[in-house]
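Please look over the sequence and the model shown below before reading on. The report that follows takes up a few places in the chain and describes what surrounds them.

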Amino acid sequence: MAAEFTSLEGCLEKHLPPKELEEVKRILYGKPVSTLELPTEALKLAEEKNFELAGYKFGVLEEQLRKPRIVKIGAVQNKIVLPTSAPLANQLAALHARIKEITDAAALCGVNVICFQECWTMPFAFCTREKHPWTEFAESVIDGPTIKLCQELAKQHNMVIVSPILERDSVHQDRIFNTTVIISNNGSVLGKTRKNHIPRVGDFNESTYYMEGDLGHPVFQTQFGRIAVNICYGRHHPLNWLMYAVNGAEICFNPSATVGALSEPMWPIEARCAAIANNYFTVAINRIGTEVFEHEFTSADGKPAHRDFGHFYGSSYVAAPDGSRTPGLSRVNDGLLVTEVDLNMCRQVKDKWCFQMTSRLDMYANSLTEAVKPDFKQQIIRDEA
Ligand SMILES: NC(=O)NCCC(=O)O
């Protein structure tokens, strides 16, 4: 769908009578979320700097023996700032400045953990199939310029920063990975996680640029809960989501870069299903805009060569373990979504639905062990009549 369609929620609100709208929202979005009051200063900054700022809060049961574990999550979606033909250093600096503005607004809103979009320091150039100059954006997660910036911001704002970048691993022969770095609110690098599943679909020609993640499914214990990151295409793999839950995640981020023609109908479903199935909060983040490249490329589908990927439709949202979700940010504008959650909800929903007790992981572990053997025989009962 074209970039002019700004948001699904906006369209429903414009065209449905209030009573029907309430029913549609109940069915499509689950238990209603309330609006979070945001400081005037932050709203002013958002207006001045031209990004959407929205805030929501999920309802949760009050417990008698546990204190609430309130966390404010920030999700950021943004366009690239300069054209893809600008000098790389300028492109990077402009993105750094943009993310700093949005993070400053998040700090004013009291955000505890913020996550940016997939490979946020660069245009999503993998569609071009050109290595030069794009692989130059890959940087060290130990002392690269982006990590340094994130460390400063994390310390300044007492905020955990989840920063998805293209990683250059110089300790291992300059290999490249699609990595997310977790920076603690004290400014130190807590660790990193790498994209496990690499797309081989449409113009997402990413497997020629970087390798499959080799770090498993780490979960990071932060001062604001246990967090994990399932990077973009990993959201199509239920076992990837599952393993972060098995390792104890309470919030699972899904920083992404995906376009309307390919995935938009799947977008509202996948991270939300994952929240339900895995009893954690999911944070689905997608980039914004249409990125135009200097040289034409084809999509190997017989259609004419072109210079862009299509429209990255944003629509970032948060889903809760009880199946409710926030409205999405816009399909066309940069934005910051602030969501207040009580992590106690994860266990409350586990106790209600018992998915963790009925999942039969041992049965599937055995079945999958058999299924990956070369001499595996499918369990099919044939009608020989
Ligand atoms: N960045 C990325 O993995 N995109 C793949 C397309 C999709 O998963 O929608």
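## A threonine inside a helix

The side chain of T103 reaches the backbone oxygen of I99 at a distance of 2.7 Å, a polar contact in the sense of a pair of N or O atoms within 3.5 Å, where within protein one atom must be able to donate a hydrogen and the other to accept it, and where residues adjacent in sequence count only if both atoms are side-chain atoms. This is a predicted model, in which local features need pLDDT of at least 70 and side-chain atom pairs count only at pLDDT 80 or more, while totals for chains, interfaces and linings use all residues. Residues are numbered from 1 along each chain as its sequence is written, and side-chain values use heavy atoms, with hydrogens and water left out.

T103 belongs to helix α4, which covers residues 88-108; helices (H or I, at least four residues) and strands (E, at least two) are DSSP runs numbered from the N terminus. T103 counts as buried because its relative accessibility is 0%, where buried means under 20% relative accessible area, exposed means over 50%, and partly exposed lies in between, with a 1.4 Å probe and protein chains only. Apart from its neighbours within four places in sequence, T103 is in contact (heavy atoms within 4.5 Å) with I114, F116, L153, H157 and M159.

## The helix around it

Helix α4 has 21 residues and reaches 31 Å from its first C-alpha to its last, close to the 30 Å expected at 1.5 Å a residue; the expected span is 1.5 Å times one less than the number of residues. Among the buried residues of α4 are L88, L92, L95, I99, I102 and T103 itself, together with Q91, H96 and R98.

Just after α4, G110 takes a positive phi of about 75 degrees.

## The largest pocket

The largest pocket holds about 570 Å³ of space. A pocket here is found on a 1 Å grid over the protein atoms alone, as an open set of points with protein on both sides within 12 Å along at least five of seven lines, and its lining residues have an atom within 4 Å of a point. Grid points are joined across faces, edges and corners, and the volume is the space filled by probe spheres set on the points.

The lining is made up of 29 residues, of which L242, A245, A277, N278 and N279 lie nearest the centre of the pocket. The elements that give two or more residues to this lining are α6 (238-246), α8 (267-278), α9 (344-353) and α10 (355-358), and α6 gives the most, with 6 residues. By class, the lining has 14 nonpolar, 7 polar and 8 charged residues, where Ala, Val, Leu, Ile, Met, Phe, Trp, Tyr, Cys and Pro count as nonpolar, Asp, Glu, Lys and Arg as charged, and the others, Gly among them, as polar.

Helix α8 has 12 residues and reaches 17 Å from its first C-alpha to its last, close to the 16 Å expected, and its buried residues include W267, E270, R272 and N278. After α8 comes N279, whose phi is positive, near 55 degrees. N279 sits in the loop between α8 and β13 (281-286) and counts as buried because its relative accessibility is 4%. Not counting residues up to four places away in sequence, N279 touches A274, P321, C346, V349, K350, F355 and Q356.

In α9, the residues N344, M345, C346, Q348 and V349 are buried, and the buried residues of this helix pack against β13 and β19. Following α9 is C354, whose phi is positive, near 60 degrees.

## Features in the loops

The loop between β4 and α5 contains P133, and the peptide bond from H132 to P133 is cis, with omega near 5 degrees. R129 lies in the loop between β4 and α5 as well and has a positive phi of about 65 degrees although it is not a glycine; with 42% relative accessibility, R129 counts as partly exposed.

R69 is in the loop between β2 (52-57) and β3, and its relative accessible area of 30% makes R69 partly exposed. Leaving aside neighbours within four places in sequence, R69 is in contact with G225, E250, V341, D342, L343 and N344.

Notes
1 Å grid on protein atoms, 1.4 Å probe; cavity = no way out; pocket = protein on both sides within 12 Å on 5 of 7 lines; lining within 4 Å.
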